[in-house]
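Please look over the sequence and the structure first.

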Amino acid sequence: MMLVPRRNFNIMDDLFDDPFFSISESKLMKTDIKEHDDKYELIIDLPGFDKNDIKMNIEDGYLVINAKTDINNDEKDRKGKFIRKERYYGECSRKYYIGNNISEDDIKASFKNGTLEIDIPKKEENQNTEKKYIEIN
């Protein structure tokens, strides 16, 4: 009599299914970046967010994107008890380095069907190759 059920047992498959070996990555703000001749295009997935939930600004050469959604907005007219919730509620943020020569006026953005599209023009960095020396008194 066998107490352990038979199954195809492969220790290597079981070992690499362990969460230790999986890549820890966020499911939020998945981003594709395309390079064009004159610009970069960022395509960011933000399902479940509204256009008014998204704020963008530039800080120290980084484009900072914050998105926030509130759980209370969705539950106002609902009756019943949740057994499982998998949709995301909260705040997420991500930074993209764009350089110091890009301003807020240079960036164009649109949001449609849960996808944020951002166009960032290509601009050359101000590379002053002239050496400057500090005067010694």
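## Basis of the model

The model is predicted, so local features need pLDDT of at least 70 and side-chain atom pairs count only at pLDDT 80 or more, while totals for chains, interfaces and linings use all residues. Residues are numbered from 1 along each chain as its sequence is written, and side-chain values use heavy atoms, with hydrogens and water left out.

## Overall make-up

The protein has 2 helices and 7 strands. Here helices (H or I, at least four residues) and strands (E, at least two) are DSSP runs, numbered from the N terminus. Their order along the sequence is α-β-β-β-β-α-β-β-β.

Of the 137 residues in the protein, 21% are buried. Buried means under 20% relative accessible area, exposed means over 50%, and partly exposed lies in between (1.4 Å probe, protein chains only). The protein exposes about 12100 Å², and carbon and sulfur atoms supply 48% of that area. Accessible areas come from the Shrake-Rupley method with a 1.4 Å probe; for residues, only the protein chains shown count as cover. Among contacts (heavy atoms within 4.5 Å) with a separation of 6 or more, 56% are between residues 24 or more positions apart.

## The β3-β4-β5 sheet

Three strands form an open sheet in the order β3-β4-β5, with antiparallel pairing. Strands β3 (54-59) and β5 (90-97) stand at the edges with a single partner strand each, so one side of each has no neighbour in the sheet. From one strand to the next, the twist averages 15°. Axes are lines fitted to C-alpha atoms, for helices over the stretch in contact, and angles run from 0 to 180 degrees between N-to-C directions.

Two strands count as paired if DSSP finds at least two bridges between them. Strands β3 and β4 are joined by 6 bridges in the antiparallel sense, and Met56 stands opposite Ile65 in β4. The hairpin of β3 and β4 has 2 residues between the strands, and Asp60 there takes a positive phi near 50°. Strand β4 (residues 62-69) also pairs with β5, antiparallel, over 8 bridges. Within that pairing, Asn66 has Ser93 in β5 as its bridge partner.

## The pairings of β7

Strand β7 (residues 115-121) runs antiparallel to strand β2 (residues 39-45), and 7 bridges join the two. In this pairing Tyr40 stands opposite Ile120 in β7.

Strand β7 is also joined to strand β6 (residues 108-112) by 5 bridges, again antiparallel. Ser110 has Glu117 in β7 as its bridge partner. In the hairpin of β6 and β7, 2 residues lie between the strands, and Asn113 takes a positive phi near 55°.

## Asp53 in its loop

Asp53 is found in the loop between β2 and β3. Asp53 has a relative accessible area of 23%, so the residue counts as partly exposed. Beyond its neighbours within four places in sequence, Asp53 is in contact with Asn66, Ala67, Lys68 and Thr69. Asp53 and Lys68 are 15 residues apart in sequence, and their C-alpha atoms are 5.3 Å apart.

## Salt bridges

How many salt bridges does a search of the whole structure find? There are 3, where a salt bridge is a side-chain nitrogen of Lys or Arg within 4 Å of a carboxyl oxygen of Asp or Glu. One of them joins Lys122 and Glu35, with the closest N and O atoms 2.6 Å apart. This pair links distant parts of the chain, as Lys122 is in the segment after β7 and Glu35 is in strand β1 (residues 31-35), 87 residues apart. Lys122 is partly exposed at 32% relative accessibility, whereas Glu35 is exposed at 55%.

Asp119 and Lys39 also meet in a salt bridge, at 3.2 Å from N to O. Asp119 is in strand β7 and Lys39 in strand β2, 80 residues apart. Asp119 is partly exposed at 24% relative accessibility, and Lys39 is partly exposed at 24%. Another salt bridge is formed by Asp106 and Lys123, whose closest N and O atoms are 2.8 Å apart. Asp106 is in the loop between β5 and β6, while Lys123 is in the segment after β7, 17 residues apart. Lys123 has a relative accessibility of 42%, so Lys123 counts as partly exposed.
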